[in-house]
Amino acid sequence: MESVTAYCRRQASVPVNEQHVAPTPESEAAVSSYQTHIGDTRPYWRDIILGVNDGLVSMLLLVAGVVGGGLNADQVLLAGVAGAIAGAISMAAGEYLATRSQDDVLAAEIELERAHIRHHRQKELDELGNMFAAMGLDDDEVTDVVAVFERSDGRILKAMKVLEFGIVDSERRSPFTAMTMSGLLFLAGSATSVMPFVFTNETAVGLWWAGALTAAGLFVVGVVKSIVARASKIRAGLENLLIAGIGGVVAWYIGKFVASGLG
């Protein structure tokens, strides 16, 4: 991901008349009727979408693969339940470790930045000035702004956290919340592919219902994502459907191929 500093420098290099973006109908609507931001849930939408989408897609692929491999309905159900539980635990543990590791890395970087400010204060102020200059401030404005931050080490640290590391405290994710959301939503997404085999002994019928329910779930997830992202609902829904549809067909044929190879 592009850093804040790199983005500012790239934007500053674009002529002013090219930096203006023509207003879209969505932005015009936002101006005419003020819309609030999504707030505290914003850092967790990655976990929400990833968890439920992974449950929907991966479990459909698993079910399609084992049905294609010739397993009966009870065996498919057992494989589905085991896959759902294992996937949810893996997803939850992975999100916790990833989020916690990211926090540890950022904490170490911030601690190093404190040492830089303490022992190499002028160098950090010069770096801060370069960042503000990259945003398009002229020399006099940079001098005035840096003078304000120079009065306090705490101010310098807060500015460097945002501009150098892209850390905004309100956007940081809790490892426990990320873990819980990812695991539970994976299970919720898995249900569309597993539940049909509770009610039928026909694997073809179960797979058809699993595909239909998963398709509906993927479309709904795409629409919800588009509402939050203020994007096209139809395009987002179809994008999710296309990815899962291709994967499901591939998984079914792989299952058939492996089953034929095993005799």
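Helices α5 and α9 are roughly antiparallel to each other, a label given to angles over 145 degrees. Helix α5 covers residues 73-119 and helix α9 covers residues 175-194; helices here are DSSP runs (H or I, at least four residues), numbered from the N terminus. Two packed helices are described by the angle between their axes and the distance between the axes. For α5 and α9, the axes cross at roughly 160° and come within 8 Å. Axes are lines fitted to C-alpha atoms over the stretch in contact, and angles run from 0 to 180 degrees between N-to-C directions.

The crossing of α5 past α9 is right-handed, meaning that the near helix is turned clockwise from the far one by less than a right angle. Sorted by class, the contact of α5 with α9 holds 15 nonpolar residues, seven polar and three charged. Ala, Val, Leu, Ile, Met, Phe, Trp, Tyr, Cys and Pro count as nonpolar, Asp, Glu, Lys and Arg as charged, and the others, Gly among them, as polar.

The model is predicted: local features need pLDDT of at least 70, side-chain atom pairs count only at pLDDT 80 or more, and totals for chains, interfaces and linings use all residues. Residues are numbered from 1 along each chain as its sequence is written, and side-chain values use heavy atoms, with hydrogens and water left out.

Next come the charged pairs. Side chains of opposite charge can pair when their charged atoms come close. The whole structure contains three salt bridges, where a salt bridge is a side-chain nitrogen of Lys or Arg within 4 Å of a carboxyl oxygen of Asp or Glu.

One of them joins Arg100 to Asp104, at 3.8 Å from N to O. These two residues lie four apart in helix α5, so about one helical turn separates Arg100 from Asp104. Arg100 has a relative accessible area of 40% and is partly exposed, as is Asp104 at 45%; partly exposed lies between buried (under 20%) and exposed (over 50%), with a 1.4 Å probe and protein chains only.

Arg114 and Glu111 form another salt bridge, at 3.1 Å. They are three residues apart in helix α5, again about one helical turn. Arg114 is partly exposed at 37%, and Glu111 is partly exposed at 46%.

Arg121 and Asp153 also meet in a salt bridge, at 2.7 Å. This pair links distant parts of the chain, 32 residues apart: Arg121 belongs to helix α6 (residues 121-134) and Asp153 to helix α8 (residues 153-163). Arg121 is partly exposed at 27%, and Asp153 is partly exposed at 40%.

Technical notes: Angles under 35 degrees count as roughly parallel, over 145 as roughly antiparallel, 65 to 115 as roughly perpendicular and the rest as oblique.
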